Amino acid sequence: MRTPGFENELVDLRGQLIDRAVSLSENVEDAEDLTQDTMLKAISYKGNLASDTCLRAWLFTIMKHQFINQRRRSVQYRKVLTEAVSNKMPIVSNTCTYEPSPDSQLLYKEVVQCINRLDSKFREPFFDFISGYKYSEISERYQLPMGTVKSRIYYARKMVLRSLQIE
């Protein structure tokens, strides 16, 4: 556990963190977000930091992992989007500036109805997962083993696809 000076050291290293984040993301706004995420995670996990560990190196490691995870999520999103387009599935995005087509609205309603018909033990983890929560966060929230969470999400996805007859 660190002394009360942990936060002061963290603030002192902020400039170096931003410099590293800019070199990773090549975008000032993304770099600031990455730095903020890194500092928040460091504060959350400061109890795990051994007293003889170099804080700067620990922060840079956290930042690298944050960056990799964000990049991985971005790639996965593009992959899902590409698959949807290649399968000619209508896409409904909450960032659209146009009115979604009636087909898209109908498909969206059907998907939501299928999910809502699931038993709560499948529906709740599945909603959390599609809302962006990690398996570990869902596991903690429902106090379930990670394997149980993964299997429930897998089966929920299968049940929704089956009821939509997409498989």
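Helices here are DSSP runs of H or I with at least four residues, numbered from the N terminus. The model is predicted.

**Exercise 1.** Determine where Thr35 is placed and whether Thr35 is buried or exposed.

*Solution.* Step 1: Thr35 belongs to helix H3. Step 2: a residue counts as buried when its relative accessible area is under 20%. Step 3: the relative accessible area of Thr35 is 0%, so Thr35 is buried. Step 4: apart from neighbours within four places in sequence, the residues in contact with Thr35 are Arg14, Leu17, Ile18, Ala21 and Met63.

**Exercise 2.** Describe the largest nonpolar core and identify the elements that give two or more residues to this core.

*Solution.* Step 1: the largest nonpolar core contains 17 residues. Step 2: those with the most contacts inside this core are Phe6, Leu10, Leu17, Ala42, Leu55, Trp58 and Leu59. Step 3: two or more residues each come from helix H1 (6–12), helix H2 (14–25), helix H3 (28–44) and helix H4 (55–86). Step 4: H4 supplies the largest share, seven residues. Step 5: Trp58 may be examined individually; leaving aside neighbours within four places in sequence, Trp58 is in contact with Phe6, Ala42, Tyr45, Lys46, Leu49 and Thr53. Step 6: there is also a second, separate core of eleven residues, among them Phe126, Ile153, Ala156 and Leu164. As general background, nonpolar side chains tend to be buried together in soluble globular proteins.

**Exercise 3.** Classify the crossing of helices H5 and H8, and state which residues make the contact.

*Solution.* Step 1: the axes of H5 (residues 102–117) and H8 (residues 146–164) come within 9 Å and cross at roughly 130°. Step 2: this angle makes H5 oblique to H8. Step 3: the handedness of the crossing of H5 and H8 is right-handed. Step 4: H5 contributes Glu110, Val111, Cys114 and Ile115 to the contact, while H8 contributes Val160, Ser163 and Leu164. Step 5: sorted by class, the contact of H5 with H8 has five nonpolar residues, one polar and one charged.

How values were computed. Residues are numbered from 1 along each chain as its sequence is written. This is a predicted model: local features need pLDDT of at least 70, side-chain atom pairs count only at pLDDT 80 or more; totals for chains, interfaces and linings use all residues. Side-chain values use heavy atoms; hydrogens and water are left out. Axes are lines fitted to C-alpha atoms, for helices over the stretch in contact, and angles run from 0 to 180 degrees between N-to-C directions. Angles under 35 degrees count as roughly parallel, over 145 as roughly antiparallel, 65 to 115 as roughly perpendicular and the rest as oblique. A crossing is left-handed if the near helix is turned anticlockwise from the far one by less than a right angle, and right-handed if clockwise. Contact means heavy atoms within 4.5 Å. Ala, Val, Leu, Ile, Met, Phe, Trp, Tyr, Cys and Pro count as nonpolar, Asp, Glu, Lys and Arg as charged, and the others, Gly among them, as polar. A nonpolar core is a set of buried Ala, Val, Leu, Ile, Met, Phe, Trp, Tyr and Cys residues joined through side-chain atoms within 4.5 Å. Buried means under 20% relative accessible area, exposed over 50%, partly exposed in between (1.4 Å probe, protein chains only).
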